[in-house]
Structure formats: structure tokens, C-alpha cells
Amino acid sequence: MWVFRRDRLLILLLLSALLVADFSLYIWPKLRGRLFVEPGGPCTCNGFPGGRLGNASSPERTGWRNHSWGGPGPGAGNGEQHEPRDMAAGAGNGMHQEPGEEEARAGKRMHMEPGDSSAGAGQGMQLPPVLRSRLRRLLQHPLYAGDAPALGPGDYLLSGPEAVRSYRRKVSRWNRRHKLHKGELNNTSAERPVQVNLQAPWLQFHREINRHSLYPRSSTTVGKLLDNLGHFNTISADYSQDEKALLGTCDCSQIVKPSGVHLKLVLRFQDFGKAMFKPMRQKREDETPEDFFYFIDFQRHNAEIAAFHLDRILDFRRVPPVAGRLINISSDILEVARNEVLQSVFFISPANNTCFFAKCPYMCKTEYAVCGSPHLLEGSLSAFLPSLSLAPRLSVPNPWIRSYTFTGKEEWEVNPLYCNTVKLIYPYNSSNRLLNIIDMATFDFLIGNMDRHHYEMFTKFGEDGFLLHLDNARGFGRHSQDEITILAPLYQCCLIKKATWQRLKLLSLPDYQLSDVMRESLLEDQLAPVLTEPHLLALDRRLHKILQITEECVQIHGEEAVLVSEPLEEPTASTLNRDT
Ligand SMILES: Nc1ncnc2c1ncn2[C@@H]1O[C@H](COP(=O)(O)OP(=O)(O)OP(=O)(O)O)[C@@H](O)[C@H]1O
Ligand SMILES: [Mn+2]
């Protein structure tokens, strides 16, 4: 009996030795090859030697800049197992768990909190590339592959030569005026004149705008543009045209619509690019007070940033690139401002901070000021679109506009069959416009924006042109509330673009999870974490509500009638005539 027991021990030892040998000689090298070493070269894993996570603010960390759009990504070509997920297996057909569930769960466990760069890097945690970036994985999905079909010159917003001529003209006018101004002030500083740079990312951005979107998927311009917005010195600061119109100092025919009383400014940078600056007015942790109407709500700089990232993730590409940045109110704004009205709204607070307030017809008071600490203040910078003289835009009232009074109600709020009326009205009766409105409603519902009173379009692209999703600063106000009425265009019309629905469905799968890809995408921004966790999680919850509503529509009207393929074809045009 004793001998038998000793034999058992020996057999156990022998088996263990075999297992160890097998693991170290066979399994481990294979695992290591798959997880950490890119076949064909030493592993730099997206710039992180040894596959370690880098600093949270490192742009290399996330998917956008590593993704080689329109072809095999850096991963696809080098042996990473990026499953070419078939829509039939994933988003297209039910919501079953995809392969890689285990990885996803592991990825979730190891997920870092925004801004917590040390969580991964400090512990030297080694993540296999496939776990590291859900965003990157998303971008390699077939739904995000490739670009629009080849474009002809007429498909671009600007003619290249015209855009360059206008740029040259503006630069020489700027240099002339600047020289004159320096002469008047007896300024002998060695400031150099602005140089024309045809490679400037803002110019490339303008030249890439086409009839499908503000930037192509394969564009590397957006990354460079965001980088510049985040770092470049400013050379001027002024009110935006619409603010000037309100103050009576600009030609109103040149602007889309005179609007706000908000603290927003146009900043120009050293490379002559421009951006709309909105300062931080509310901390990202603060929720909009319950008693606030949406039309008196604050404008949130972080909402502008997050909305751009969300729009890009949804593959709409209808929000101009927005970067967050710590702006020095004194050196980046006041010192480069030449407008005397603007100069006059700056003051030093009792706490010795530099502040400024909105010059407006109604409430020009220091109570409404924003202050630096003592000079620095967070803000959003939205890359400027080409000027209205080069690319005229149309501002159209949203058919689902809200009442901007305390008690008023619009027709859509009281008539559940309102969509039938809209469908009869030009241009909603023929073009893709209604579907575009529904896209915009899903976007606004996700961000919680109730302030979409108008939308803008480039006139060049006609009725079917895409809608610009400008001004998202009133999004992300209340994470605890899902304002379902924002989805009225969806549930009253029971229509949605199939491509939009497929992406929303994909983003609801555990392997992609909207909140996770958003969290990751926002880490690229200097002001990360841009959104608090409750706001990120609200995105998942709202996404499910959109899918739920669509599902109910499909049950009533059938898939064919609800999910519309683009371009609008004859059979689907008939769905527009369907009574809801
Ligand atoms: N990135 C941009 N490039 C060019 N023009 C822009 C950009 N962002 C905004 N604008 C223009 O400035 C106008 C006002 O901007 P925005 O709507 O963001 O500010 P606002 O103060 O909230 O205005 P409103 O009170 O009308 O909502 C827009 O309607 C648009 O025409
Ligand atoms: Mn606004």
C-alpha cells in the first residue's frame, strides 16, 4: 500500500515535470509570440516598447492614430488576431456574445480609469494588443473599413486653387495690417510675418471636406489638427461673427444666424488656422440643476469635446474637430486681442485672477464672468469651417424644434402623428433629409442635447448634403436623465438609416461597448478625463433605449420599412409615404 502511494507521488511528479516542460518549451513561446511580439520584428506595440501601457495622455495609446484606415491596419497586417467580424455574426443579427468574450471581460477587468495613467504603466502591466484597445478593434471592423467611393472634384466643398488663393490673400492682408499697426505703436519687436504653409492641417481639413462628411475616415489630418489646436500659440482673439452681429458691428448677411450671448471667442493660431473657443463654465462633475430650462443651461466646453469624439465613433463625421486645452486668458486671449470692446471685458478679480465676461445686449455683468486660475482656464477649441464666402451654409430650423418659452408647446409635442405632416413637406418629402434629422436626433439623445433649434448645411451639396452637428455645448448636462423626447423623430417616424443602426448595434456589444470606446477616445484629449464615469455609462443606457425603440418599430412595421439603406432608393422612398 505504501509502495503504491509512493508510485502515485512519482507519477504526479513526472506529470508535473512534463507539464512544465510543455509549457516552457511549447505553450509559452507561442503565447508570447501572439501576445507581445509582433511577428516580423521586435515589439514596439504602438510605441510602447515591450507592450507596456504608456502615459494616459500619449496619443499612441488609443486607436485613432494607429489605425491605418481603408486597408489592413497596423494590426491586421502583422498577425494580430483581429476578427473580420461578419455583421451576420455580430451587429447585424441579434446581440449574441461574440468570440473574444473572455478577452473582453479581461479587458474590462484591466480597464483603467480615465486619467489614471499609473494604473497600468506604473505596475508594468503587460496587456496583449488585442486587449489594449477596443477603439482600435472597432476601427478595424468592416463597418468602419474603407472610405467613400472615389470622389471627383465636384464632390469636394472647396476648389483647391480657390481655397489657396483666399488663404494667400488673407495672409498678405494680415501682414500688411500688422506692419501698419506695429508702425503706429512704434513697436520694434522682431515678430515675424505669417508665412503661407500649404501643408497646414487646417487647410488640409478644409480641402478634404466632401459631400459625405467633414473628413474622410482615412484622413490623417484630423490628428494633426487636434494636435495643433492643443499647442499652437494664438495670434489673435476676437468675437465671433454672430456676436458681432448682435453688437451691430458686422454684416449680418454674411452670417448664418445671429445667436448667442455666450462667452465664445474666435482664436487665430500661428499657422493662421482658426478655432471657436468656449471656456469652461461648469465643472465636469456638476449636473445641470433640476430647475434649469434647457435654454438657460450653461454651455459646457467638455460637451463640445466629447460630442466630437462621439460623432467620430458613430462614423458620422459631422462635427468639426474639437480639442480641449488649458488656455492662458492673459497671453492667449487678452494680449492678442485688438478689438477694444473685447479688451474692455477683461478684469482682475479680488482673488487676483484674470477674468472676462460676455459683452452682450442683455446681461453684461461680472457675475457672469469666467476666471482663470490665475490665468489658466480650460476650454474647447472647435476647428473653424471654411469661411462663409468660400463655402456658404444654410441654417434651417429643426422641424422638431422645442418651444423656447416656459409654457409653450410645439406641434410635435402634442401630435403623435406629426411625422406624417413633416414627410409631406419639402425637402423632407424627397431627399435623405428626414433620415439625416433622425441621425441627428440619435446623436442628440446620446449626448442629452435639447438645444438643437437649427441645423446647418453646406449649400454646395444640395438637399441631400449632410447636416453639420455644430454647437453641442448643451449636451452632457444630466447623466441621470434620459430625455426620451429628443428621440421624437425616431419614434414618430419609425425610420433610421440602416448603416447608423448597424453601428449602434455594434457599439452595444460587450466587445466594443460605447462607453469603453468613448473613454478610450477621450483619453487622447489634453483635458482627459473629459467626461465623468456616470456620463460615460449613460451613453450605454441611452444606446440601448435607441435600439429598443427601433426594435419596437421593426415589430410594428417590419425591418424593410424601418431600416433604410442609403442612397434612398425607390422601394425605400415608399417608406417615406408610409403612415406612422
Ligand atoms: N467650428 C466652427 N466653424 C465655423 N463656424 C462655427 C463653428 N462653430 C460654430 N460656428 C458658427 O457660430 C455660430 C454660433 O456657434 P454656437 O452655436 O456654437 O454658439 P452659441 O453661442 O451656442 O450659439 P446659439 O446661441 O445660436 O446656440 C454657429 O451657428 C455657427 O454658424
Ligand atoms: Mn448654442
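A residue is called buried here if 20 or more other C-beta atoms lie within 10 Å of its own, exposed if 12 or fewer do, and partly exposed in between, with C-beta atoms placed from the backbone. By that count, 38% of the 580 residues of the protein chain are buried. The structure above is a predicted model, in which local features need pLDDT of at least 70 and side-chain atom pairs count only at pLDDT 80 or more, while totals for chains, interfaces and linings use all residues. Residues are numbered from 1 along each chain as its sequence is written, and chains are lettered from A and ligands numbered from 1 in the order in which they are written.

## Overall make-up

The protein chain holds 22 helices and 12 strands. These are DSSP runs numbered from the N terminus: helices are H or I runs of at least four residues, and strands are E runs of at least two. For contacts, two residues qualify if their C-beta atoms, placed from the backbone, lie within 7 Å. Among contacts in the protein chain with a separation of 6 or more, 73% link residues 24 or more positions apart.

Let us start with the sheets. Two strands pair if DSSP finds at least two bridges between them. An open sheet of 5 strands runs in the order E1-E2-E3-E8-E4, with antiparallel pairing. Strand E1 (234–239) and strand E4 (322–328) are its edge strands, each pairing on one side only. On average, neighbouring strands of this sheet are turned by 35° against each other, direction ignored. Helix H11 (residues 301–313) packs on the sheet and touches strand E3 (274–279), E4 and strand E8 (376–383). The direction of H11 makes about 40° with that of E8; such angles run from 0 to 180 degrees between N-to-C directions, with axes fitted as lines to C-alpha atoms, for helices over the stretch in contact.

How much of E4 is buried? The count is 5 of its 7 residues, so E4 is largely enclosed by the rest of the structure.

## The three-stranded sheet

A further open sheet, of 3 strands, has the order E5-E6-E7 with antiparallel pairing. Strand E5 (346–348) and strand E7 (370–371) stand at its edges with a single partner strand each, so one side of each has no neighbour in the sheet. Strand E6 (residues 354–356) is joined to E7 by 2 bridges, and Phe-356 stands opposite Val-370 in E7.

| Helix pair | Axis approach | Crossing angle |
|---|---|---|
| H8 (residues 201–208) and H9 (residues 221–231) | within 9 Å | roughly 140° |
| H11 and H16 (residues 433–447) | within 11 Å | roughly 130° |

Angles under 35 degrees count as roughly parallel, over 145 as roughly antiparallel, 65 to 115 as roughly perpendicular and the rest as oblique. H8 and H9 are therefore oblique to each other, and H11 and H16 are oblique too. As for handedness, a crossing is left-handed if the near helix is turned anticlockwise from the far one by less than a right angle, and right-handed if clockwise.

The crossing of H8 and H9 is left-handed. Its contact residues include Trp-202 and Phe-205 of H8 and Lys-224 and Leu-225 of H9. By class, this contact has 4 nonpolar, 3 polar and 2 charged residues; Ala, Val, Leu, Ile, Met, Phe, Trp, Tyr, Cys and Pro count as nonpolar, Asp, Glu, Lys and Arg as charged, and the others, Gly among them, as polar.

H11 passes H16 in a right-handed crossing. Ala-303, Ala-307, Leu-310 and Asp-311 of H11 meet Phe-443, Leu-446 and Ile-447 of H16. The classes in this contact are 6 nonpolar, no polar and 1 charged.

## Backbone details in the loops

Most residues other than glycine have a negative phi, and most peptide bonds are trans. A cis peptide bond joins Ser-373 and Pro-374, with omega about -15°, and Pro-374 lies in the loop between E7 and E8. Another cis bond joins Tyr-426 and Pro-427, with omega about 5°; Pro-427 is in the loop between helix H15 (418–424) and H16.

Phe-272 has a positive phi near 80° and sits in the loop between E2 and E3. With 19 C-beta neighbours inside 10 Å, Phe-272 counts as partly exposed. Gln-513 has a positive phi near 40° and is found in the loop between helix H18 (498–507) and helix H19 (514–522). Gln-513 has 22 C-beta neighbours inside 10 Å and so counts as buried.
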